Amino acid sequence: MVNVPVQIWGPGFRLEPLCDALRAAHLTPEPLAGLEQRRGDRPLLLAYAEPVDLLGAQGPADPWPADPYRSLLAALPALEAGGQPWRLVNLSCFCPAQLVGWCVEPEGALLSPEVSGAFRIPEPLDALLTRQWLNAAPGVLEAYLTLEGHSRSAVLDRRPADQACLERLEAAAGPEALAGARRRWQALEADLARADEQLRELHRLQCDNQGLRERALNLELEGNRRDARIAELEARCADLELSLQLAQEDLGQLSRRIGLLEELVTAGASAARSVQGALARALTS
């Protein structure tokens, strides 16, 4: 398979979805930090997105995003004067198959789009914030619509230009949509509160379980000590039984010796009486 490198420049925009789509088609995306790095022998994609997708791109100290559309518009005259194949790509609504076909053969016939060109409906709060940003930064919406109306943007996508961007934001940030978002937020807060309560209950059960484990371990240790004590007592009982058996054997031997001694004493006494009788008879004769 032929490796087709594709250069991408989109200042301030998230290029990951576009790069992933190109890699899935076995193309090689090459994001550029600036147009001065581009090579004229490779197709070039100028990427941008609808205004709502720029929320969150600013730093924590900046109330609103920077305007990246003007730098794109400023680069168009030089690109139009050159011979490099290039086109504009709206990251919020593009057809991967059609875009890959253009990258492989920029001068080939355009494919029919896989989608109708519909943009997603933003969340009510995002739409409201975007409306406030567009009101606070005149010219941003006009620059976006200019890019959408360019002949190398929506026309090549075979879709209508996003001229209804403002109306879509206003509809998404209407009272009913905001009220629905508030209800969803309240439901989320209730779910989080229940989850927090469940976590506290789980923590309490874990503490109780730990206490039961410690008690079981203590009982096991106590049982082990008791078993060891019983084994020790059984060994001592066995020793005492052996000692008692030996003492009984010694007592038996002592009884037998006493019996023999008594027999000897009896025999000696009888012999003494016989001697005394014989002596008495000798003296009287």
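What separates Glu 232 and Arg 229 in helix H8 (residues 175–284)? The two lie 3 residues apart in that helix, and about one helical turn separates them. Helices here are DSSP runs of H or I of at least four residues, strands are runs of E of at least two, and both are numbered from the N terminus.

The model is predicted: local features need pLDDT of at least 70, side-chain atom pairs count only at pLDDT 80 or more, and totals for chains, interfaces and linings use all residues. Residues are numbered from 1 along each chain as its sequence is written, and side-chain values use heavy atoms, with hydrogens and water left out.

Salt bridges were examined next. Side chains of opposite charge can pair when their charged atoms come close. A salt bridge is defined as a side-chain nitrogen of Lys or Arg within 4 Å of a carboxyl oxygen of Asp or Glu. The structure holds 18 salt bridges. One of them joins the side chains of Glu 232 and Arg 229, at 3.3 Å from N to O. Accessibility was classed as buried (under 20% relative accessible area), exposed (over 50%) or partly exposed (in between), with a 1.4 Å probe and protein chains only. Glu 232 is partly exposed at 41%. Arg 229 is also partly exposed, at 42%.

A further bridge pairs Asp 53 with Arg 120, at 2.7 Å from N to O. Asp 53 sits in the loop between strand S3 (44–48) and helix H2 (69–81), and Arg 120 in the loop between helix H3 (96–104) and helix H4 (124–136), so the pair ties together parts that are 67 residues apart in sequence. Asp 53 is partly exposed, with a relative accessibility of 32%. Arg 120 is partly exposed at 43%.

The side chains of Asp 162 and Arg 168 also form a salt bridge, at 2.8 Å from N to O. Here Asp 162 is buried, at 4% relative accessibility. Arg 168 is buried too, at 11%. Elsewhere, salt bridges link Arg 87, Glu 148, Asp 157 and Arg 159 in a network.

Cys 19 was considered separately. This residue lies in helix H1 (residues 16–24). Cys 19 is buried, with 5% relative accessibility. Leaving aside residues up to four places away in sequence, Cys 19 touches Ile 8, Pro 29 and Pro 31. Contact means heavy atoms within 4.5 Å. Between Cys 19 and Val 6, the C-alpha to C-alpha distance is 9.4 Å, and the two are 13 residues apart in sequence.
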